Amino acid sequence: MEPLALATILLPFLGTALVLASPRPAGRFLAPLFALLATIGAIWLAAAFKTAGGMAAHYPLLSFNGIELLGLAVDRLSTLIGMAVVGLGFLVALYSTAYMTPANREHPHAAAPRYYAYLLVFIGAMAGLVLSSTLLGQLVCFEITGACSWGLIGYYQKPKALQSALKALLITHVGSLGLYLAAGWLFAHSGSFSLSAISALPDAAKVVVLLGVLWAAWGKSAQLPLHMWLPDAMEAPTPVSAYLHAASMVKVGVYIFARALDAAGSVPHLVGWVGAVMATVTLLYGFWMYLPQTDMKRLLAYSTITQLSYIFLALSLSAFGSRLAFNGAIAHIFNHAFAKSLFFLVAGALSYSCGTRMLPSLRGLLRGAPLLGASFCVAALAITGVPPFNGFFSKFAIFAAGFQLSAGEPWLLPLMLLAMAESVASFAWFLRWFGKTVPGEPSPVVAAAQPLPWQMKTVLAALLAMSLASSFIAAAWLA
């Protein structure tokens with residue numbers, strides 16, 4: 001499995017070199033090709049893991065004086081999330097070949113090679129972070145993703161885009177200080193950077209390491225008090241928003257926290273208390289902030305903040321010994337990546353075909369653009385947790401675990417009730433926008449919509465299918 005894991009990580013970097021060394025138009029073909037090869041590698045790796053009996057494997061890569069600096073961890077968690085982040089990278093690269101063209105009505109522009117180069121490096125760094133067995137390896141990939149996000153958010157080179165890119169870079173770097181602290185503290189107390197070493201730490205040292213990781217996670221996953229970069233990051237091209245701000249970059253935070261908790265064994269309850277309270281506060285803040293939004297991407301950005309809060313809440317609940325909460329969190333990472341990517345790419349398709357993503361201008365999607373109307377409907381239902389779509393099953397596990405734990409931890413009950421109230425209210429709010437945009441006679445911009453290219457249709461169809469199927473894949477994988 002080691003060669004497959006390395007191929008999954010390194011193929012996107014090889015693709016980047018070829019994109020930069022080739023004539024400008026070649027990036028449109030090379031980026032999806034190498035992203036597809038990496039996706040095949042991720043799926044093949046997952047299949048090999050299952051064939052080997054589902055036993056976790058560890059492969060050291062780089063050591064110094066007997067200290068492992070870099071290594072690979074192949075297990076249930078890394079293979080499941082690896083398939084999602086790399087596979088969605090391919091879908092976004094394919095979608096970009098149609099979106100990033102002069103035919104786009106809102107943003108007519110042919111992508112420069114640096115667009116595809118940044119995208120491929122990001123895919124490779126995400127694969128590396130997901131498969132890393134050491135905090136040092138996570139830190140290296142964490143910083144690479146930060147640099148790529150700066151390049152992609154500021155891609156259009158406009159003053160606001162460049163400002164937003166710098167803001168994202170600085171705030172997530174402030175977050176990364178927590179990961180530096182965690183890695184240094186772990187090494188000082190164990191002589192190792194391996195995640196597995198966390199379990200041997202005394203409780204006081206565990207608290208420092210886990211809260212350091214949690215701080216870094218808040219920065220990357222746009223949680224209070226490090227949340228303010230994400231709404232402004234919507235200046236990026238929409239495929240970038242779908243990948244970085246729904247499927248991968250914002251998932252770095254919840255993933256590294258999940259990985260640390262899983263490695264820690266018994267978790268000091270202080271970590272659970274801090275995580276659960278801050279997740280609930282952020283969840284309510286995110287909901288309040290997306291109420292006035294009319295720009296579809298900014299609405300989805302604040303919605304992403306709330307959905308990530310559910311994952312942090314579930315991971316924090318797992319600190320009190322609930323495996324159901326942990327599995328619900330991992331399933332929600334997987335499910336949300338597909339459902340929110342679908343929603344962002346619907347926004348991109350509206351920009352491409354109608355020339356706008358402003359919700360008040362859109363009406364009658366189901367008649368004027370049936371695929372977009374159906375996709376809007378499915379994405380809204382999946383995000384808000386309506387059965388039979390994927391968000392329902394992982395949210396159900398999170399709520400079930402929370403109410404179960406509240407019998408022994410009564411202070412959790414008000415937090416779970418607030419989270420449930422937010423879930424119902426967000427469904428009502430998305431239902432309101434659904435009623436305004438999907439049914440009825442098409443508005444002028446929708447009636448004049450141009451047809452979508454096959455790449456966009458293919459990607460939307462794949463994400464529609466995954467919005468139904470991903471929860472069953474996650475449940476089978478985590479069983």
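This is a predicted model: local features need pLDDT of at least 70, side-chain atom pairs count only at pLDDT 80 or more; totals for chains, interfaces and linings use all residues.
Residues are numbered from 1 along each chain as its sequence is written, and side-chain values use heavy atoms, with hydrogens and water left out.

View 1. On a 1 Å grid over the protein atoms alone, a cavity is a set of points where a 1.4 Å probe fits but cannot get out, and lining residues have an atom within 4 Å of a point. Grid points are joined across faces, edges and corners, and a volume is the space filled by probe spheres set on the points. The largest cavity holds about 60 Å³ of space. Helix α3 (76–99) gives the most to this lining, with 5 residues; helices are DSSP runs of H or I, at least four residues, and strands are runs of E, at least two, numbered from the N terminus.

**View 2. The largest pocket.** A pocket is an open set with protein on both sides within 12 Å along at least five of seven lines. The largest pocket contains about 290 Å³ of space. Of its 14 lining residues, the closest to the centre are Ala 73, Asp 75, Leu 195, Ser 196 and Arg 259. Helix α10 (249–264) supplies the largest share of the lining, 3 residues.

**View 3. The second largest pocket.** About 240 Å³ of space lies here. Among its 17 lining residues, Ile 9, Leu 61, Leu 70, Gly 128 and Cys 141 are the closest to the centre.
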